[in-house]
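Please open the model in your viewer and keep the selection panel at hand. The stops below are meant to be taken in order.

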Amino acid sequence: MLRRYPRAGEPLACEPLTKGLLNHGYRVSTTRGTFFLKHHLDKHHLDDASGDHATIVRQHRATQQLHSLGVPVAPPLADTDGDTVTVIDGRRYALHPWVDGLHRDGAQLTTAQSRRLGALLGAVHTGLEQVMEAAPPPAVRGQSPDPADTFALIDDLLASASAHGTGPRDAFDELAVHRLVERRALLEQHAHRRPPPPGEPARGWVHGDFHPLNLLYRGPDPVAIVDWDRLGVQPRAEEAVRAAVIFFVRPDGELALEKVRAYARAYRRSAGASAAELAAAVHRVWWERLNDFWILSWRYRLHDRRADPQFPAVSALAVWWTRAYDAVSEAFTG
């Protein structure tokens, strides 16, 4: 790999990093410094096309152009032929500069930093609007989740949680059962609030996975937005809402609404988004969360427990958000 990047130096060490859901990464030390080597998994191993060559090239070009606009990203390095994707034995790799930094969640951000975070996401959206080709005609958006389907999923997950493994239920299983029963009651109570068929929300190119693990901080501000594998065309305001509820959820499931308010005001100003656009996005994302059990599906259907630590706060958020719906909506739109 490094022979194609002569200015990268000679390899000294290659350390595998924690495997992500979509790709594998390595910290490569050389005689010239430290680099991040990314192995883009083949699309046949994924549920999307993030491993497709043209898709990777598009992601790379987007980050290169965003970098030229001053957006904090870490574009890949070009090899001697000017390519940013290297194919070896049918596998695709990219070499990036190593960025030292720390991940920070909303609890570690001041109100001023929350404001700058919202402005940054707005700059990402407006920057992508400048550098990407015209958005392709959007696919017909599916209906919002149907409570009837969710009730069936709840019954299935309840059966799994109640009879989990061969031994007695553990504390996680007990919490899962409690939250599933609680959520079913909430859905029965609020089924009439299912969002109507989508109209035409403001769509555009978005990062697609904007959350604390994909931002690196060094000092008060982010130095790099990483992991652009889900770059795509979506309702922009919904990404803003999803990001906020990930950043600013507290362990008890409440949102830090003062930080949300600062973030959302800055995002609306930076992205040129209206309060009405954010209000509609809040409603759709709230309903999405009320019907979502991806962590339990991972645990009980895929036997994958990596997301288990997120469940207490995520499941509590759906309940708290339902009770504090008006306050949450006002924080995003006021």
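This is a predicted model: local features need pLDDT of at least 70, side-chain atom pairs count only at pLDDT 80 or more; totals for chains, interfaces and linings use all residues.

Residues are numbered from 1 along each chain as its sequence is written, and side-chain values use heavy atoms, with hydrogens and water left out.

**Aromatic rings**

A search of the whole structure finds seven aromatic pairs, where rings of Phe, Tyr and Trp (its six-membered ring) pair if their centres lie within 6.5 Å, and planes under 30 degrees apart count as stacked, over 60 as edge-to-face and the rest as tilted. Select Trp294 and Trp298: their ring centres are 5.0 Å apart and their planes stand at 80°, so this pair is edge-to-face. Both belong to helix α8 (residues 294-301), four residues apart, or about one turn of the helix; helices here are DSSP runs (H or I, at least four residues), numbered from the N terminus.

Next, select Phe210, Phe247, Phe248 and Tyr263, which form one aromatic cluster.

**Charges over rings**

Move to Arg27, whose charged end sits over the ring of Trp98, 4.5 Å from its centre, and then to Arg193, whose charged end sits over the ring of Tyr325, 4.6 Å from its centre. The criterion is that NZ of Lys or CZ of Arg is within 6 Å of the ring centre and within 35 degrees of the ring normal.

**Two packed helices**

Now show helix α3 (residues 147-162) with helix α4 (residues 171-190), which pack at an angle of about 160° with their axes 9 Å apart. Axes are lines fitted to C-alpha atoms over the stretch in contact, with angles running from 0 to 180 degrees between N-to-C directions. That makes α3 roughly antiparallel to α4, a label for angles over 145 degrees.

**Leu278**

Finally, which helix holds Leu278? Leu278 is placed in helix α7 (residues 275-290) and, at 1% relative accessibility, counts as buried. Leaving aside residues up to four places away in sequence, Leu278 touches Ala237, Val241, Tyr267, Arg268, Ala273, Phe332 and Thr333, contact meaning heavy atoms within 4.5 Å.

Methods:
Angles under 35 degrees count as roughly parallel, over 145 as roughly antiparallel, 65 to 115 as roughly perpendicular and the rest as oblique. Buried means under 20% relative accessible area, exposed over 50%, partly exposed in between (1.4 Å probe, protein chains only).
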